[in-house]
Amino acid sequence: MKNFKFSHYISRMALNNVSIAVYTNRNNSTYKLVAETNGEKIPGTIIVFLSAKDYGALPDDPYRAIDRYIKCAAMCGIRYH
């Protein structure tokens, strides 16, 4: 599963210097979510693999981008209280 390339950041935002990077494989059928700070994976977090269908089912309201970010952060093991 090393054939992933960077696509974008979830909701194009970061909280507490934590961003969720999205990587895709060649045909965009699998997505990889990685919690990062300063462009590097945060130790102790989970790398999440999603199918295109599961990725498409994430919250996607442009006026509530924070919901998408919080959901993906929680999947990666980042908790905001």
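**Close-up views of a predicted model**

Leaving out neighbours within four places in sequence, His8 is in contact with Ile20, Ala21, Val22 and Tyr55. The structure shown in these views is a predicted model.

**View 1. His8 in strand β1.** His8 belongs to strand β1, which spans residues 5–9. Its side chain and that of Ser7 are joined by a polar contact of 2.9 Å. Beyond four places in sequence, the contacts of His8 include Ile20 and Tyr55.

**View 2. The largest nonpolar core.** This core has 17 residues, and those with the most contacts inside it are Ile10, Ile20, Leu33 and Tyr55. Two or more residues come from each of β2, β3, β5 and α2. With residues up to four places away in sequence not counted, Leu33 touches Ile10, Ile20, Ala21, Val22, Ile46, Ile47, Val48, Leu50, Tyr55, Cys72, Met75 and Cys76.

**View 3. The buried side of helix α2.** Helix α2 covers residues 65–75, and Arg68, Tyr69, Cys72 and Ala73 are buried in it. These residues lie on the same side of α2, because they cover an arc of only 130 degrees around the axis. An α-helix has 3.6 residues a turn, so residues three or four places apart point the same way. The buried residues of α2 pack against strand β2 (19–24), strand β3 (30–37) and helix α1 (52–56). Just after α2, Gly77 has a positive phi of about 95 degrees.

View 4. The model has two salt bridges. In one of them, the side chains of Arg68 and Asp60 meet at 3.6 Å, N to O. Arg68 counts as buried because its relative accessibility is 12%, under the 20% cut-off. Asp60 is exposed, since its relative accessible area of 62% is over 50%. Arg64 forms a salt bridge with Asp67, and their closest N and O atoms are 2.7 Å apart. Arg64 counts as partly exposed at 48% relative accessibility, and Asp67 is also partly exposed, with a relative accessible area of 30%.

**View 5. Glu36, a buried residue without a salt bridge.** Glu36 lies in strand β3. Glu36 is buried and has no salt bridge; Lys32, the nearest side chain of opposite charge, is 8.1 Å away. A salt bridge needs the nitrogen and oxygen atoms to be within 4 Å. The side chain of Glu36 does make a polar contact, at 2.6 Å, with the side chain of Tyr23. Not counting residues up to four places away in sequence, Glu36 touches Tyr9, Asn17, Val18, Ser19, Ala21, Tyr23, Lys41 and Ile42.

**View 6. Asn28 and Asn38 in their loops.** Asn28 lies in the loop between β2 and β3, and Asn38 in the loop between β3 and β4. Phi of Asn28 is near 55 degrees, a positive value in a residue other than glycine. For Asn38, phi is likewise positive and near 55 degrees. Asn28 is partly exposed, with a relative accessible area of 40%. Asn38 is exposed because its relative accessible area of 67% is over the 50% cut-off.

**View 7. Gly44 between two strands.** Gly44 is found in the loop between β4 (40–41) and β5 (48–51). Gly44 counts as exposed, since its relative accessibility is 79%. From C-alpha to C-alpha, Gly44 and Ile66 are 23 Å apart in space, and in sequence they are 22 residues apart.

Notes
Residues are numbered from 1 along each chain as its sequence is written. This is a predicted model: local features need pLDDT of at least 70, side-chain atom pairs count only at pLDDT 80 or more; totals for chains, interfaces and linings use all residues. Side-chain values use heavy atoms; hydrogens and water are left out. Helices (H or I, at least four residues) and strands (E, at least two) are DSSP runs, numbered from the N terminus. Buried means under 20% relative accessible area, exposed over 50%, partly exposed in between (1.4 Å probe, protein chains only). The arc is that of the directions from the helix axis to the C-beta atoms. Contact means heavy atoms within 4.5 Å. Lys and Arg count as positive and Asp and Glu as negative; His and the chain ends are not counted. A polar contact is a pair of N or O atoms within 3.5 Å; within protein, one must be able to donate a hydrogen and the other to accept it, and residues adjacent in sequence count only if both atoms are side-chain atoms. A nonpolar core is a set of buried Ala, Val, Leu, Ile, Met, Phe, Trp, Tyr and Cys residues joined through side-chain atoms within 4.5 Å.
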